[in-house]
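Visitor: I have a new model open and would like to learn how to read it. Can we go feature by feature?

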Amino acid sequence: MMSDAVRAVILGIIEGVTEFLPVSSTGHLLLAQRFFGLGEGNFWQSFVVLIQLGAILAIVALYFAKLWRVALGMFSNPDDRRFVIGVLVAFLPAVLIGLVGGKYIKELLFNPWVVCFSLIVGGAVLIWVDQLHLKPHEDDATRYPLMMYLWIGIAQCVAMIPGVSRSGASIVAAMLLGGDKRSAAEFSFFLAIPTMIGAFAYDFYKNRGEMTTDHIGIIAIGFVVSFITAMIVVKTFLTYVTRHGFTFFAWWRIIIGTLGLIALALGL
């Protein structure tokens, strides 16, 4: 039997690797739980949400200087203030849909069949976008137009379907709206901060009465592992996509989704 600590480390690695890549961390975690028995039950469902904060803090650490500058300047600098408003505008659609339909989305769509189909379709979309001859005119994620922020936020809502990928949806939307690859990826990081902190706070509050000392220790392990892994992945990812695009991640999605469908069809 695999110990809870080992499960926490494996799930933490999966979370840290996939959270900011356009491959769907939720989809990969669901498939890991389904096919490898990596944490089934209510606690582990909360665990995979709570350890996302570790990955988010990796973004805060990597972009601390920029985020601190914006925080200090948002009351005196119009550009910094507009960026903060832009992030909130992009964040709002997910909040509204989550409050209205979050429960039903989990009940209806959180199953491995949906994940596998979403991975394949999302991979095809990434290949399509990579082959477009786009002419980006925005290269700074903190200076996008306000309407661009809103449309990216609306696109992010599609990622409530497991397997779509929150980062993938926001990156594709930003690129189609004129952002270059690097700034599109960076804005997906910034948008993740309020989105994932909100999910963490809601899930922790909802399940706080069920948390034991042992649970806190297991969450701490996953948290630290996801933080360290995400730090490494984000640095590598930005350099890679700037030079090579998203084709590798597209085929990753298609292969994982296809293998998952085959396994489900065989009753595994």
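Visitor: Let me start with one residue. Is Gln52 buried or exposed?

Guide: Keep in mind that this is a predicted model. To judge burial, look at the relative accessible area; under 20% is buried. Gln52 has 8%, so Gln52 is buried.

Visitor: Where does Gln52 lie, and which residues is Gln52 in contact with, leaving aside neighbours within four places in sequence?

Guide: Gln52 lies in helix α4, which covers residues 52-62. With those sequence neighbours set aside, Gln52 is in contact with Glu15, Glu19, Ser25, Thr26, Met196 and Ala199.

Visitor: Now the whole chain. How many helices and strands are there?

Guide: Count the elements before looking at details. The protein chain has 12 helices and zero strands. Read along the sequence, the pattern is α-α-α-α-α-α-α-α-α-α-α-α.

Visitor: What does the radius of gyration say about the chain?

Guide: Set the value beside the one for a compact globule. With 268 residues, such a globule would have a radius of gyration near 18 Å, and the protein chain has 18 Å, so the two agree. The C-alpha atoms fill a box of roughly 55 × 40 × 35 Å along the principal axes. Of the 268 residues, 49% count as buried.

Visitor: What share of the contacts joins residues 24 or more positions apart?

Guide: Take the contacts with a separation of 6 or more. Residues 24 or more positions apart account for 83% of them in the protein chain.

Visitor: What is found at the start of α2, and what follows the helix?

Guide: Look at both ends. At the start, a side-chain oxygen of Ser24 reaches to within 2.9 Å of the backbone nitrogen of Gly27. After α2 comes Gly37, with a positive phi near 60°.

Visitor: Which residues of α2 are buried, and what do they pack against?

Guide: The buried ones are Ser25, Gly27, His28, Leu29, Leu30, Leu31, Ala32 and Gln33. The buried residues of α2 pack against α1 (4-18), α3 (42-50), α4, α7 (112-131) and α12 (247-265).

Visitor: How do I read a nonpolar core?

Guide: Start with the general idea. In soluble globular proteins, nonpolar side chains tend to be buried together. Here the largest nonpolar core has 46 residues. Those with the most contacts inside this core are Phe20, Tyr144, Ile152, Phe187, Phe189, Phe237 and Phe246.

Visitor: Which elements give two or more residues to this core, and which gives the largest share?

Guide: The elements giving two or more are α4, α6 (78-109), α7, α8 (146-156), α9 (166-176), α10 (181-207), α11 (213-244) and α12. The largest share, nine residues, comes from α10.

Visitor: Which residues is Phe187 in contact with, leaving aside neighbours within four places in sequence?

Guide: The list for Phe187 is Phe83, Val87, Ala90, Ala141, Tyr144, Tyr149 and Ile152, with those neighbours left out.

Visitor: Last feature. How many salt bridges does a search of the whole structure find?

Guide: The search finds six salt bridges. Asp4 forms one with Arg7, with the closest N and O atoms 3.0 Å apart. Both lie in helix α1, three residues apart, about one turn of the helix. Asp4 is partly exposed at 38%, whereas Arg7, at 13%, counts as buried.

Visitor: What about Asp130 and Lys181?

Guide: These two form a salt bridge, the closest N and O atoms being 3.9 Å apart. Asp130 is in α7 and Lys181 in α10, so the pair ties together parts that are 51 residues apart in sequence. Lys181 counts as partly exposed, at 27% relative accessibility.

Terms used
Residues numbered from 1 in each chain as written. Predicted model: local features only at pLDDT ≥ 70, side-chain atom pairs only at ≥ 80, totals over all residues. Heavy atoms only, no water. Buried < 20%, exposed > 50% of the residue type's maximum accessible area, 1.4 Å probe, protein only. Contact = heavy atoms within 4.5 Å. Polar contact = N/O pair within 3.5 Å; in protein donor to acceptor, adjacent residues only side chain to side chain. Core = buried A, V, L, I, M, F, W, Y, C linked by side-chain atoms within 4.5 Å. Salt bridge = Lys/Arg side-chain N within 4 Å of Asp/Glu carboxyl O. Rg over C-alpha atoms; globule rule 2.2 N^0.38 Å.
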